[in-house]
Amino acid sequence: MPRFILHIGTHKTGTSAFQQWATRNRAALLDAGFLYPETGATADGNHHALSLALAGGEIDDDRRGQLLRQFDQERRPVPDHTVLISAETMSTVRFFPLLPTLRASIEERGGSDLIAIVAVRDQLSWRNSCYAQMRETLTAVPPFDRFFMPGPHGVHSGNWDFLDDRYTRAGFALQAIPCDAAFRRDGVVHALTRLPCLSALANIDTADRLEANPSLSALQLIVADEVRLAVAGPNASVDWPLRNVLVPIVIRHSAALAGQGFNGHTPQSAAAYSAMFEESNARFAERHFGRPWHDVLPPAPLKPRSPFSIDDLRPGQRRAVLAAVDRVLNDPKAVRRMARLAAASTSDDTASENVAVPANATATPARQGPPARILLHAGFAKTGTTAFQESLATHRAALLEAGYLLPTSGVNATGNASTLLTGLAGRLTPAQNDTIARRFHAEVAAHRGDHVIISSESVTAPLLTPRRREIAEALTANGNPVTVLLAVRDQVALLNSAYAQMRAQFHARDPFEDYVAKIVANGRLDWPQQQASFEELRLGFTPLAYTRAVQDEGIVRALARLPELAPLAPIFADTAEHRANRSAGWKQLLVAEALRAWLESEGRTMVPAQRHALRKIVDRHMADIPDAPFNGFHPTLLAYVREQYAESNDAFAARHFDTQWAILFPRTPLPPRSPASFDDLAADVAAQLRGVVAACRDEAEVSIDWTTPDRAAA
């Protein structure tokens, strides 16, 4: 039976160097009896896509099927060869729930001897290196003190004993090597080929021992941060196509600033962080190395804490950093690449031949008459968006008869076009982006009516907000005018409702005050600012006030009164509308938070189907328990939010609704501030809710399929 060896990393242990070596020597490995698959591998040999396909991870179903077929075909000529797969994402906490599916997939292919090999590091240096690499690759990251923040049940990321337990439970034998001084001196290839399972590869060329992704110095990282800020803005990462161009340029132009590596720890934080792993490291070292952890990986002296931003630098350092940033931004290659992107995001209304068409747009058949108008219903979240989408999907055929196309490409069964917009924004794999764009443009070109409807609140969410220009460019590529339909709501009610929904869906959230401060700071609920961001892209804009009257009437009939959707009013007149995502009460939120903590303690991460199944269980157990709406506001915070939006709200209401904001959205009294935890409750109430938690947990264990993340029981 063929052996399967998974090289799971971890990150920052020479994994890229090993993958590049295996790619260069793929033929020699094959002669030695090892298949290092080309299927699902990047040019540098990373099997991220193949590992997700085998494990049933978050990857398009068509893409998964294609990868698995190609993998099986690649193995067919060498069915008895050892399969060697390398991807450091297999050592991440998010991947652990996929391990049972991964094992089953391998066993379906005849694999019986399952081995995972991992290189481990001391967590202090590992944490610094991971953080530095993310900054080096122009990724927006939180402050270092919040990086790998442990949950209430301990830290799992970087806990090698926890990793060992998860792989062992899933039926894999784990073999570990320490990333020690000899490892760093001789190189990852030499170290890994000393393992018994890879010893047959020891004689293959291992001369190239250079680290593929060396960490930049503290000053070089600040150069990278400043370049990211200049290109993407304060809270956004640079997209991969541009990132791949800019990162080598940053490294080259900041080489003179190379020096001390990054260290984000103070002595106190380092001691506290190391203490978290003391017991787990001791167990892991005894089991795998037969000696104490610090004998295997002696603690290195802690370097002085590094400057985090340009504001922390001395004047001379600041000048040197800014000079390097200037060289990067004016590098001819960087300028050409950014100029091409800028050209692709502008249009000329007076000369259609000068309109820049995105790469994922395709030639489409000629259409008789003017291009169809695209109506982009952008939400907002918690304004009945899901109910409207479900009505669109239900009446798809009737919409088409009325001249309104609801596309099928990238639109799910409930009418949400999140995947379509994500693909048009270029946020999926290149193949997925291209497929979605081609199918969408073909549908629009073939449509004989006058309108196309796309509905998804994701266009106002953090993931896609920075990519609105790309979305607008793709939607208008073939001359289709676009009008954005946006339902607006009073910010106080919306903040309570949105925060409650995220907690009800078992997402870990900041304290309510921090959440509110972030939303206010990023301007997402400033309605004139939202309008301006769409109009800057030359998109039309039509708002709807999501008032109490609209909630009572139903969002579907209210939207159908807009001029752009008026022909659909007869279709929706008799629609039995319901609130698709009702906000949970504060008691239910406390139950949901307790269940989220339980899942985290079990090392389980949920996919949407599992969240939905667990939410149904909670709804059922809470059905007969009196609850009250969630309210996170205290008087000071309430006054702060009112003050932040008072002027812009009044201007928006006067412009679009010819009235005052307070008349549209009367200030009804809020319920008392909701308890934050079980500790704030009376003993009998706390006992009742803890009983609900236990009942939900027991039912979830038997009714939800936790071993197959992409399938959950109803």
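This is a predicted model: local features need pLDDT of at least 70, side-chain atom pairs count only at pLDDT 80 or more; totals for chains, interfaces and linings use all residues.
Biologist: How much space lies in the second largest pocket?

Modeller: The second largest pocket holds about 1,200 Å³ of space.

Biologist: And which residues lie nearest its centre?

Modeller: Those are Arg-121, Asp-122, Ser-125, Arg-184 and Ala-300, out of 46 residues that line the second largest pocket. Two or more lining residues come from each of helix H6 (123-136), helix H8 (181-186), helix H12 (267-276), helix H13 (278-289) and helix H14 (293-296).

Biologist: Which element gives the most to that lining?

Modeller: H6 does, with 6 residues.

Biologist: What is the lining like by class?

Modeller: The lining of the second largest pocket has 23 nonpolar residues, 14 polar ones and 9 charged ones.

Biologist: Turning to the rings, how many aromatic pairs are there?

Modeller: The count comes to 23 aromatic pairs. One of them joins Phe-512 and Phe-630, with ring centres 5.7 Å apart.

Biologist: Why is that pair edge-to-face?

Modeller: The planes of Phe-512 and Phe-630 stand at 75°, and the pair is called edge-to-face because planes over 60 degrees apart fall in that class.

Biologist: Where do the two residues lie?

Modeller: Phe-512 is in helix H23 (residues 512-522), whereas Phe-630 is in the loop between helix H29 (608-622) and helix H30 (635-657). The pair therefore ties together parts that are 118 residues apart in sequence.

Biologist: Are these two buried or exposed?

Modeller: Phe-512 is buried, at 5% relative accessible area. Phe-630 also counts as buried, at 10% relative accessibility.

Biologist: Which cluster do ring pairs link Phe-512 into?

Modeller: Ring pairs link Tyr-499, Phe-512, Tyr-515, Phe-630 and Phe-633 into a cluster.

Biologist: What about Trp-661 and Phe-665, how is that pair arranged?

Modeller: Trp-661 and Phe-665 form a tilted pair, with 4.7 Å from centre to centre and 40° between the planes. Trp-661 is buried, with a relative accessible area of 5%, and Phe-665 is buried as well, at 8%.

Biologist: Now the charges. Which ring does the charged end of Arg-127 sit over?

Modeller: The charged end of Arg-127 sits over the ring of Phe-144, 4.3 Å from the ring centre. Arg-127 also lies over the face of Tyr-273, at 4.4 Å from that ring centre.

Biologist: On to the backbone. Where is the peptide bond cis?

Modeller: Thr-10 is placed in the loop between strand E1 (3-7) and helix H1 (15-24). Another cis bond runs from Gly-379 to Phe-380, with omega near 15°, and Phe-380 is in the loop between strand E6 (373-377) and helix H17 (385-394). Most peptide bonds are trans.

Biologist: Which residues other than glycine have a positive phi?

Modeller: Among them are Lys-12, with phi near 60°, and Phe-506, with phi of about 70°. Most residues other than glycine have a negative phi.

Biologist: Where are those two found?

Modeller: Lys-12 is in the loop between E1 and H1, while Phe-506 lies in the loop between helix H22 (491-504) and H23.

Biologist: And why do they count as buried?

Modeller: Lys-12 is at 9% relative accessibility and Phe-506 at 3%. Both count as buried because the cut-off is under 20% relative accessible area.

Conventions:
Residues are numbered from 1 along each chain as its sequence is written. Side-chain values use heavy atoms; hydrogens and water are left out. On a 1 Å grid over the protein atoms alone, a cavity is a set of points where a 1.4 Å probe fits but cannot get out, and a pocket is an open set with protein on both sides within 12 Å along at least five of seven lines; lining residues have an atom within 4 Å of a point. Grid points are joined across faces, edges and corners, and a volume is the space filled by probe spheres set on the points. Helices (H or I, at least four residues) and strands (E, at least two) are DSSP runs, numbered from the N terminus. Ala, Val, Leu, Ile, Met, Phe, Trp, Tyr, Cys and Pro count as nonpolar, Asp, Glu, Lys and Arg as charged, and the others, Gly among them, as polar. Rings of Phe, Tyr and Trp (its six-membered ring) pair if their centres lie within 6.5 Å; planes under 30 degrees apart count as stacked, over 60 as edge-to-face and the rest as tilted. Buried means under 20% relative accessible area, exposed over 50%, partly exposed in between (1.4 Å probe, protein chains only). A charge sits over a ring if NZ of Lys or CZ of Arg is within 6 Å of the ring centre and within 35 degrees of the ring normal.
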